[in-house]
Amino acid sequence: MRIRVLAAASCALAVSACATTATSPACRAPAPHEMQAFMAVISHNSGLLVQSLAPGSVADAFAAGDPHLNSHLWGANGETRGTVVGLLSRPPLCVIDNPSAPSSDAERQIIVYPQATYQGLKPAEGTPADMAPSFPYGVERADYITCRFTQTASGWKLADACGFRGYTSAVTG
């Protein structure tokens, strides 16, 4: 009887360990439309960025030279930490389709890490699910950015400039 109880406990422990192991989302390379938008930001190519943006408030803010959007993308006074260009300028990139924002035919959201950052933040293989951090790992704009793409008549376009929250510049006079 004692051996059966021990065997049953061992089997239960083995099954529960398998069922509770955390799995991290897999990285992929940027899709062509994503890479076009990323290259526009990295190279400070305003013309290419205009082509990569979806029509709407972000594109309008970019066309108007909104300083908050420019700071979000490229930083200010030479400081790029916490900016889109700061994160995209650390290749190779790790792109993950956001599991909490399922893709549709009209919209997709991705999470972008520098690959070395993602490797350092994801839970070690075999980490129990209840001990693993929740995804996304790390701090937004310090470790990763989120980018929303929308389907337009001319293909997938960047809709939010990778997390731009729609600040507007104040006009003082």
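Two strands pair if DSSP finds at least two bridges between them. Helices (H or I, at least four residues) and strands (E, at least two) are themselves DSSP runs, numbered from the N terminus. The model is predicted, with local features needing pLDDT of at least 70 and side-chain atom pairs counting only at pLDDT 80 or more, while totals for chains, interfaces and linings use all residues. Residues are numbered from 1 along each chain as its sequence is written, and side-chain values use heavy atoms, with hydrogens and water left out.

**Overall make-up**

- Seven helices and four strands are found in the protein.
- Read from the N terminus, the order of elements is α-α-α-α-α-α-β-β-α-β-β.
- Of the 173 residues in the protein, 36% are buried, where buried means under 20% relative accessible area, exposed means over 50%, and partly exposed is in between (1.4 Å probe, protein chains only).
- Among the contacts with a separation of 6 or more, 61% are between residues 24 or more positions apart; a contact means heavy atoms within 4.5 Å.

**Strand pairing**

- Strands E1 and E2 run antiparallel and are joined by five bridges.
- Within this pair, Ile96 has Ile111 in E2 as its bridge partner.
- E2 also pairs with E3 in the antiparallel sense, over six bridges.
- Opposite Cys147 in E3 stands Ile110.
- E3 in turn pairs with E4, again in the antiparallel sense, over four bridges.
- The bridge partner of Thr150 in E4 is Lys157.
- E3 and E4 form a hairpin, with two residues between them.
- Strand E2 (residues 107-114) is largely enclosed by the rest of the structure, because six of its eight residues are buried.
- E3 is mostly covered as well, with six of its eight residues buried.
- In a regular strand, side chains alternate between the two faces of the sheet.

**Disulfides**

- A disulfide is a covalent bond between the sulfur atoms of two cysteines.
- Here a disulfide is counted when a pair of cysteine sulfur atoms lies within 2.5 Å, and by this rule there are two disulfides.
- Cys27 is joined to Cys94 by a disulfide, with an S to S distance of 1.9 Å.
- Cys27 lies in the loop between helix H1 (2-19) and helix H2 (32-42) and Cys94 lies in strand E1 (residues 93-97), so this pair ties together parts that are 67 residues apart in sequence.
- The torsion about the S-S bond of Cys27 and Cys94 is about -85 degrees, so this disulfide is left-handed.
- Cys27 is partly exposed, with a relative accessible area of 28%, whereas Cys94 is buried, with a relative accessible area of 0%.
- Another disulfide joins Cys147 to Cys162, with an S to S distance of 2.0 Å.
- This pair links distant parts of the chain, 15 residues apart: Cys147 is in strand E3 (residues 145-152) and Cys162 is in the segment after strand E4 (155-158).
- The torsion about the S-S bond of Cys147 and Cys162 is about 105 degrees, so this disulfide is right-handed.
- Both Cys147 and Cys162 are buried.
- With the bonded cysteines numbered in sequence order, the pairing is 1-2, 3-4.

- Lys and Arg count as positive and Asp and Glu as negative, while His and the chain ends are not counted.
- Glu34 is part of helix H2 and is buried, with a relative accessible area of 3%.
- Apart from neighbours within four places in sequence, Glu34 is in contact with Arg28, Ala29, Val95, Ile110 and Phe149.
- Asp66 sits in the loop between helix H4 (57-63) and helix H5 (67-74).
- Asp66 is buried yet has no salt bridge, meaning a side-chain nitrogen of Lys or Arg within 4 Å of a carboxyl oxygen of Asp or Glu.
- The nearest side chain of opposite charge to Asp66 is that of Arg141, 11 Å away.
- The side chain of Asp66 does reach the backbone nitrogen of Leu69, at 3.0 Å.
- That is a polar contact: a pair of N or O atoms within 3.5 Å, where, within protein, one must be able to donate a hydrogen and the other to accept it, and residues adjacent in sequence count only if both atoms are side-chain atoms.
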